[in-house]
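Visitor: I would like to learn how to read a few features of this structure. Please take them one at a time.

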Amino acid sequence: MVRHGKIAADIGTDHAYLPAWLVLNGICPTALACDLRKGPLDNAKKTVDCYGVGDKITLRLSDGFDKIDPTEADDFIMCGMGGTLMTELVARTDWLKDTEKLLILQPQSHAEDIRDFLIRNGFEILTEDACTDSGKLYCAFSARWCGEAKEYSDGYIYYGKLPECKKAEAKQYLIKTADRLKTKLEAEKNHGSAEKADYLSRIISETEEKINEMQPDC
Ligand SMILES: C[S@@+](CC[C@H](N)C(=O)[O-])C[C@H]1O[C@@H](n2cnc3c(N)ncnc32)[C@H](O)[C@@H]1O
């Protein structure tokens, strides 16, 4: 999802594998590898030295986007963090409200939180993808400021644009999401509120409808 020729900033980079891959493969001329802590940035330095890309990758200690100047990068990546933390970091960075900037997000959990924040605050999701790694399912999506909080149905924050992704992994990811929601629904039915249970039932039906509309072989 990172655009060819653009400068990427990887927030929460840890080993800087992604920025190294992006510059080594000629996708980005340069990149920023940013992390909150020194330990991960030391790991990042080892990767940068190992691949000889020190002239192309800037290492930066930064809490989220706080120590990044908006002019320094075009595409901003956050992978492997929870959706709730991503939401906090994006919410306090007003300069991301720019149609030229692209967010590329791979929430490790609570993907619905960050989708919800984005669509309520004038961002739109452009594309979503899913994959498996070591038997685990992951989703990732790109989003951009459009300045308009559009109308979406309640379930959208749980499935986003994954129904448009023609991959078996996207379907599996959504089946897992629906299963997770069903577990929540059972808990809500047993000890929670009828209103919340009703809401969950509606979004489960909506998500299952989307799953059923996906190609049988995907
Ligand atoms: C699980 S690792 C993910 C590493 C890599 N992005 C990946 O997907 O493999 C999460 C990283 O995010 C960093 N991190 C956590 N909170 C952060 C924050 N507020 N700002 C920047 N980095 C943060 C952690 O130090 C850690 O290196």
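Guide: Start with a side chain that reaches a backbone: that of threonine 207 lies 2.7 Å from the backbone oxygen of isoleucine 203. This is a polar contact, a pair of N or O atoms within 3.5 Å; within protein, one must be able to donate a hydrogen and the other to accept it, and residues adjacent in sequence count only if both atoms are side-chain atoms. The model is predicted, so local features need pLDDT of at least 70 and side-chain atom pairs pLDDT 80 or more, while totals for chains, interfaces and linings use all residues. Residues are numbered from 1 along each chain as its sequence is written, and side-chain values use heavy atoms, with hydrogens and water left out.

Visitor: Where is threonine 207 placed, and is threonine 207 buried or exposed?

Guide: Buried means under 20% relative accessible area, exposed over 50%, and partly exposed in between (1.4 Å probe, protein chains only). Threonine 207 has 0% and is buried. Its place is in helix H7, residues 194-213; helices are DSSP runs of H or I with at least four residues, strands are runs of E with at least two, and both are numbered from the N terminus.

Visitor: Which residues does threonine 207 touch, not counting those up to four places away in sequence?

Guide: Contact means heavy atoms within 4.5 Å. Threonine 207 touches Tyr158, Tyr159, Leu174, Ala178 and Leu181.

Visitor: How is a pair of aromatic rings described?

Guide: By the distance of the centres and the angle of the planes. Rings of Phe, Tyr and Trp (its six-membered ring) pair if their centres lie within 6.5 Å; planes under 30 degrees apart count as stacked, over 60 as edge-to-face and the rest as tilted. The whole structure holds six aromatic pairs. In one, phenylalanine 65 and tryptophan 95 have ring centres 5.9 Å apart and planes at 85°, so this pair is edge-to-face.

Visitor: Which parts of the chain does this pair link?

Guide: Distant ones, 30 residues apart: phenylalanine 65 is in the loop between strands S3 (57-61) and S4 (75-79), and tryptophan 95 in the loop between helix H3 (83-91) and strand S5 (102-106). Phenylalanine 65 is buried at 2%, whereas tryptophan 95 is partly exposed at 22%. Ring pairs join Phe65, Phe76 and Trp95 into a cluster.
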